[in-house]
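Subject: Structure handover

Hello,

Here is the structure you were expecting. Please open it alongside this email.

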Amino acid sequence: MSTGTAQETAPATAPDDGRAGGELRKGLRRRHMSLIALGGVIGAGLFVGSGVVIRATGPAAVLSFLAAGLLTVLIMRMLAEMTVARPALGSFYAHVREALGHRAGFTVGWLYWYFFVIVVAVEAVAGGRIVRLWLPGVPLWAVSLALMALLTATNMVSARSFGEFEYWFSSVKVIAIVVFLFLGALYLTGLWPQADGGLAHLTDAGGFAPAGVGAVLAAVVPCVGFFTGAEIVTVAAAESVEPERAVAAAIRSIVLRVVGFYVLSVLVVVAVVPWTSPAVEVSPYAAVLDRLDVPAAATVMNAVVLIAVLSCLNSALYTSSRMLFALTRNGDAPRGFTRLSRGGVPRRALLAGTSAGYLSVIAAWASPDVVFRFLINSYGAIALFVYLAIAVAQLRLRRKLEREEPQRLTLRMWLFPWLSRATVALMATVIVAMAFLPERRAQFWLSLLTVGVVLAAYEVRRRATGSER
């Protein structure tokens, strides 16, 4: 284990005097960790964004989501191997730093922080738009800032406070999907009142893949983005009572549940409602509930989407603060962000992310078509860059662990090294594909610009300190 990694590993206690230099408090239980892992990937992207993919690919969108889900599961397995073997503050930031060097660690850490800072703004704006359906007279910016302030306050209390909110947010999302799948199954089997039943809609409007195989493969790119968030559980491991067991259990459980929830629910959508229906693109799940004549279907789905948005906002605030806190441990961020509250919360790091989110929400109000659109595009591929770095780091760190600490490899990547190498190649292919897809090209190049800015910041820091640390 390198010196940097040893410093990043989080002890079990936190100081109560609020001074800098303390450690995060372990307040997250296994039940929190399991729902954090599951809820992190079930966001508005599933409930709303999936409709865009369905309209572009037809019923074969099921295959796009399946491929993206399997690729994400492979990345998470690789990350889980490293996290269980070397539980560390900052999770993959620490692993990338050890395996690929200081520059790579610095870049991955700040890119991930930036990604979730923009997510804070995006989710706050999305939540504000939903609330305004019920409160149309309130300005969007005011509602967005209120939602952000509310969840910032809950994160300020303790990690356990975050965990409890996320546990219940995620529980609602999971229950909603289970109920949706149950109702869909009743309809497709003809057990629902006045149901046609059957799977005819999968092929009766141009075939299963009306846009061709190319569209199915292209749709994998945005689908991978929908799964982003599963890795949050490894960041939260530093505040878990039993990090190794909690992460291992959460990653094992996420495989079937997440892929199953996404793939099966999308299958229900395209089987119950013709994929050519305009309602599918607007709100696919509401379209299904309308077909089933569920009372107040739109209101029900708006409420579920709002819960999903608040869950993502809650997770983004937590994750950005913990990553910034981890960055301070190697001098990759200002030391002032190491100060903890009496509850063991890095409040300054939390407020830094919140403040950046506030500014982004203001940009969404003042300049939605220029500044905010630029921010949205500039983070579009960041998570994919981070995932690629995780995969490459696992390849290197696994060899080191096999030589130095083979007993730590209690959870292993399947079919190593061949499946690891295939995962790296597949993730690189997804990223490169963005450069050639017209609807993703701007996100690719602006995200690459973001990477360039972070690399330049590293060089400035390195020359100013005269150190590679």
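Below is what was found, element by element.

A caution to begin with: this is a predicted model.

**The core**

The largest nonpolar core contains 166 residues. Inside it, Ile-42, Phe-47, Phe-65 and Phe-92 have the most contacts. Helix α6, residues 102-134, supplies the largest share of this core, with 19 residues.

Pro-284 and Tyr-285 are among the buried residues of α14.

**Helix α15**

Helix α15 covers residues 297-328.

Leaving out residues up to four places away in sequence, Leu-313 touches Val-120, Glu-123, Ala-124, Leu-147, Met-148 and Leu-151. Leu-313 and Val-122 are 191 residues apart along the chain, yet their C-alpha atoms are separated by 8.6 Å.

Helix α14 runs over residues 284-291 and is mostly covered. Six of its eight residues are buried. They are Pro-284, Tyr-285, Ala-286, Ala-287, Val-288 and Leu-289.

Two backbone angles deserve a look here. Asp-293, which follows α14, has a positive phi near 60°. Ala-296 has a positive phi of about 55°, although it is not a glycine. Ala-296 sits in the loop between α14 and α15.

**Around helix α5**

Ser-91 lies in the loop between α4 (61-85) and α5. Its phi is positive, about 50°, and Ser-91 is not a glycine. At 1% relative accessibility, Ser-91 counts as buried.

His-95 is in helix α5, residues 92-100. Is His-95 buried or exposed? His-95 is buried, with a relative accessible area of 0%. Which residues is His-95 in contact with, leaving aside its neighbours within four places in sequence? They are Leu-79, Met-82, Thr-83, Arg-86, Ala-393 and Leu-397.

**A surface patch**

Leu-63, Leu-66, Leu-70 and Phe-208 form a nonpolar patch on the surface. Together they have about 320 Å² of accessible area. Phe-208 comes from the loop between α8 (159-188) and α9 (213-218). Its relative accessible area is 31%, so Phe-208 is partly exposed.

**A cis peptide bond**

The peptide bond from Phe-416 to Pro-417 is cis, with omega near 0°. Pro-417 is in the loop between α18 (382-404) and α19 (418-434).

Best wishes

Note on methods. Residues numbered from 1 in each chain as written. Predicted model: local features only at pLDDT ≥ 70, side-chain atom pairs only at ≥ 80, totals over all residues. Heavy atoms only, no water. Helix = DSSP H or I, 4+ residues; strand = E, 2+ residues; numbered from the N terminus. Expected span 1.5 Å × (residues − 1). Contact = heavy atoms within 4.5 Å. Buried < 20%, exposed > 50% of the residue type's maximum accessible area, 1.4 Å probe, protein only. Patch = residues over 30% accessible without salt bridge, like charges linked within 9 Å, V, L, I, M, F, W, Y side chains within 5 Å. Areas by Shrake-Rupley, 256 points an atom, 1.4 Å probe, with all protein chains shown as cover. Salt bridge = Lys/Arg side-chain N within 4 Å of Asp/Glu carboxyl O. Core = buried A, V, L, I, M, F, W, Y, C linked by side-chain atoms within 4.5 Å.
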